[in-house]
Amino acid sequence: MRAFCPPDWSTAREELRAALALASWPDDLIADAELALHELYVNAWRHAGCQAPTVVVVLLPTRTVRVSVADDSP
């Protein structure tokens with residue numbers, strides 16, 4: 001049975017924020033990226049029942065961030 005509360009995503013959020021701040025991203029874009037990450041993270045929990053989604057953040061040289069969230073659902 002799946003827990004009612006989504007898993008804690010604070011570590012993923014903090015890592016994303018630190019990486020984007022280090023790359024001199026403005027605060028409003030960091031907030032947008034955090035919101036997108038949160039949506040992906042909660043979807044992995046809600047729709048796949050994953051309690052520990054895997055998060056990968058890649059900063060590309062074109063000032064693009066790619067955030068991937070994977071779950072353990074087949």
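**Exercise 1.** List the residues that Cys50 touches, not counting residues up to four places away in sequence.

*Solution.* Contact means heavy atoms within 4.5 Å. With that cut-off, Cys50 touches Pro7, Ala44, Trp45, Asp71 and Asp72. The structure is a predicted model, in which local features need pLDDT of at least 70, side-chain atom pairs count only at pLDDT 80 or more, and totals for chains, interfaces and linings use all residues. Residues are numbered from 1 along each chain as its sequence is written, and side-chain values use heavy atoms, with hydrogens and water left out.

**Exercise 2.** Describe the surroundings of Glu34.

*Solution.* First, the contacts: Glu34 touches Trp9, Arg13, Leu16 and Arg17, leaving aside residues up to four places away in sequence. Next, the accessibility: Glu34 counts as buried because its relative accessibility is 11%.

**Exercise 3.** Characterise the placement of Arg13 relative to Trp9.

*Solution.* A charge sits over a ring if NZ of Lys or CZ of Arg is within 6 Å of the ring centre and within 35 degrees of the ring normal. The charged end of Arg13 sits over the ring of Trp9, at 5.1 Å from the ring centre.

Note on methods: Buried means under 20% relative accessible area, exposed over 50%, partly exposed in between (1.4 Å probe, protein chains only).
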